[in-house]
Amino acid sequence: MVRRTLTALGIGTLVAVTPVSAHHSFAAYYFEDQSITLEGVVQEFQLRSPHAMLIFTSRDRDGREQTFSAEWGNPRRLSSQGISKDTLKPGDAVVVTGSPGRVATEYKVHLKSIRRPADGWAWAGGGRR
């Protein structure tokens, strides 16, 4: 009986802790109090859990072309705001604004807004920021 109770308690603890550790604070990876704007070209758009990712090329501070990854929102939330897997296509010119990554050489951005100048499409947040 004691062994069964301890096993159940151990499994319950794992189940309770797993969802909490699976999500992270954006502030741990990005300077949320700062903002950068980058003009670039979409390489890939991944509408996947836990966060959508936009891979694009842009110039860094020294003018060299780099590949950036922009972490976006939860796919379910983005879908409710009209974002689909077909919203952004490779070759689309975009302007991305967001919080820069804490490690500059990783070329990461926490996406806050995006626009596609060619047709005027834009997403400026919504929900939690």
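This is a predicted model: local features need pLDDT of at least 70, side-chain atom pairs count only at pLDDT 80 or more; totals for chains, interfaces and linings use all residues.
Figure 1. A pocket is here an open set of points on a 1 Å grid over the protein atoms alone, where a 1.4 Å probe fits, with protein on both sides within 12 Å along at least five of seven lines, and a lining residue has an atom within 4 Å of a point. Of the 17 residues that line the largest pocket, I36, R61, F68, A104 and Y107 lie nearest its centre. Sorted by class, the lining has eight nonpolar, three polar and six charged residues, where Ala, Val, Leu, Ile, Met, Phe, Trp, Tyr, Cys and Pro count as nonpolar, Asp, Glu, Lys and Arg as charged, and the others, Gly among them, as polar.

Residues are numbered from 1 along each chain as its sequence is written. Local features need pLDDT of at least 70 and side-chain atom pairs count only at pLDDT 80 or more, while totals for chains, interfaces and linings use all residues, and side-chain values use heavy atoms, with hydrogens and water left out.

**Figure 2. Two backbone features in loops.** Y107 lies in the loop between strand 4 and strand 5, strands being DSSP runs of E with at least two residues and helices runs of H or I with at least four, numbered from the N terminus. Y107 is not a glycine, yet has a positive phi of about 50°. P50, in the loop between strand 1 and strand 2 (53-59), is joined to S49 by a cis peptide bond with omega of about 5°. Most residues other than glycine have a negative phi, and most peptide bonds are trans.

Figure 3. L38 is part of strand 1 (residues 36-46) and counts as buried because its relative accessibility is 11%; buried means under 20% relative accessible area, exposed over 50%, and partly exposed in between, with a 1.4 Å probe and protein chains only. Beyond its neighbours within four places in sequence, L38 is in contact with F56, S58, R59, F68, V94, V95, V96 and V109, contact being heavy atoms within 4.5 Å. L38 and F56 are 18 residues apart in sequence, and their C-alpha atoms are 9.7 Å apart in space.

**Figure 4. T87 and D92 in the loop between helix 2 and strand 4.** T87 is found in the loop between helix 2 (75-80) and strand 4 (93-100), and D92 has its place in the loop between helix 2 and strand 4. T87 is buried because its relative accessible area is 13%, and D92 counts as buried because its relative accessibility is 17%. The side chain of T87 reaches the backbone nitrogen of S84 at 2.7 Å, whereas a polar atom of the D92 side chain lies 2.9 Å from the backbone nitrogen of K89. Leaving aside residues within four places in sequence, T87 is in contact with G82, D92, R116 and W121, and D92 touches G40, V41, V42, T87 and R116.

**Figure 5. The exposed residue A118.** A118 is found in the loop between strand 5 (108-116) and strand 6 (121-123), and counts as exposed because its relative accessibility is 78%. A118 and A93 are 25 residues apart along the chain, with 7.3 Å separating their C-alpha atoms.

Conventions
A polar contact is a pair of N or O atoms within 3.5 Å; within protein, one must be able to donate a hydrogen and the other to accept it, and residues adjacent in sequence count only if both atoms are side-chain atoms.
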